[in-house]
Every structure is written in structure tokens, then in C-alpha cells.
Amino acid sequence: MTKAIRYYSKFGHTRKMAAIVSEKVGVPAETIEQPINEYVDVLYFGSAVYAAVVDWRVKKFIKTLSPDKVGRVICFSSAALIESNYPKIKQLFENQGIQVDERQFTCRGSMGPIQAGHPNQADHEALAAFIESTL
């Protein structure tokens, strides 16, 4: 089973989370600037929301994907203002005809003083356990 990791990180939280995913999955975590050129069975996808909005670069990346490139997606993210970006990201992938796993991971992410200190060590440990459960 082939796997890939792609992420978008504006402030570094998702980059750190992607490194944890990489360690567990055993493939390099790459930014969304790296296209998916060969079919992958599972794409681990990380992206936060910024002011409760999916970044335009994430939308652009997802539009480059199709079921002939990605079998299914497992999402991980952090959010400060909303519960999760999963519904928004899921819809974007589904619009491309790509299956999105119902299992997903979201933790708090800081935005200035809001949710300060997150994602923290406990969040990172929870992410590692979640990723292990998907393997």
C-alpha cells in the first residue's frame, strides 16, 4: 500500500504535526508545493484553517488531484476558532471524486493568545496514537 503526506502550514503547527505523521507512516512529509505525480493508496493530508477559512493554496492543490492519483485521504489538522476544518476539507476532496476517511484528527491550534500553546505535547501524542490506529 503506497502512502504520501502533504501539508500546508502557515505558522508551523501543521509542519510539526506532519513530521509526527511522517515518523509513524515512514514516508517523508512534503508541502503542497510537491505535486502527487504517481498514484497513492492513502494520502495523509494536513492543513489548518485561518480565520475559519481554508487557504486558497490548499484549494488549488486539492483541485490538482483526482481518483486516479489518490485512493483515499486521511486528514489531520489544528484549529483555534472552529471545532474542525474536516467538513470543509472533506467537501473539497469529495468534489474531486476522492474518498475521505471518516477517521480524522483535529486538535486545538493557537492563534495569538487564543488557544495559546497548542498544539502541545499532549496533542502531538494524541496525533501519534491516531496515526498508529490508521496503519
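What follows is a set of questions and answers on the predicted model shown above.

Visitor: What should I know about the numbering and the cut-offs?
Guide: Residues are numbered from 1 along each chain as its sequence is written, and side-chain values use heavy atoms, with hydrogens and water left out. This is a predicted model: local features need pLDDT of at least 70, side-chain atom pairs count only at pLDDT 80 or more, and totals for chains, interfaces and linings use all residues.

Visitor: Which pattern does the protein follow along the sequence?
Guide: Helices (H or I, at least four residues) and strands (E, at least two) are DSSP runs, numbered from the N terminus. The secondary structure comes to 4 helices and 5 strands. Read along the sequence, the pattern is β-α-β-β-α-β-α-β-α.

Visitor: What share of the 135 residues is buried?
Guide: Buried means under 20% relative accessible area, exposed over 50%, and partly exposed in between (1.4 Å probe, protein chains only). By that rule, the buried share of the 135 residues is 46%.

Visitor: How far apart are the end C-alpha atoms of H1?
Guide: The expected span of a helix is 1.5 Å times one less than its number of residues. H1 has 13 residues, so it should span 18 Å. The model agrees: the end C-alpha atoms are apart by 19 Å.

Visitor: At roughly what angle do the axes of H1 and H4 cross?
Guide: Axes are lines fitted to C-alpha atoms, for helices over the stretch in contact, and angles run from 0 to 180 degrees between N-to-C directions. Helix H1 covers residues 13-25 and helix H4 residues 121-134. Their axes come within 9 Å and cross at roughly 40°.

Visitor: How do the residues of the contact of H1 with H4 divide?
Guide: Contact means heavy atoms within 4.5 Å. H1 brings Lys16, Met17, Ile20, Val21, Lys24 and Val25, and H4 brings His124, Leu127, Ala128, Ile131 and Glu132. Ala, Val, Leu, Ile, Met, Phe, Trp, Tyr, Cys and Pro count as nonpolar, Asp, Glu, Lys and Arg as charged, and the others, Gly among them, as polar. The residues divide into 7 nonpolar, 1 polar and 3 charged.

Visitor: Is glutamate 23 buried or exposed?
Guide: Glutamate 23 is found in helix H1. Its relative accessible area is 65%, so glutamate 23 is exposed.

Visitor: What kind of aromatic pair do phenylalanine 45 and phenylalanine 61 form?
Guide: Rings of Phe, Tyr and Trp (its six-membered ring) pair if their centres lie within 6.5 Å; planes under 30 degrees apart count as stacked, over 60 as edge-to-face and the rest as tilted. Here the centres are 6.0 Å apart, with 5° between the planes. The pair is stacked.

Visitor: Why does this pair tie together parts that are apart in sequence?
Guide: Phenylalanine 45 lies in strand S3 (residues 40-47) and phenylalanine 61 in helix H2 (residues 56-62). Phenylalanine 45 counts as buried at 1% relative accessibility, and phenylalanine 61 at 4%. The pair therefore ties together parts whose separation is 16 residues.

Visitor: Which residues do ring pairs link into a cluster?
Guide: Phenylalanine 45 also pairs with phenylalanine 93, edge-to-face, at 5.2 Å centre to centre and 80° between the planes. That pair joins strand S3 to helix H3 (residues 86-95), 48 residues apart. The cluster is Phe45, Phe61 and Phe93.
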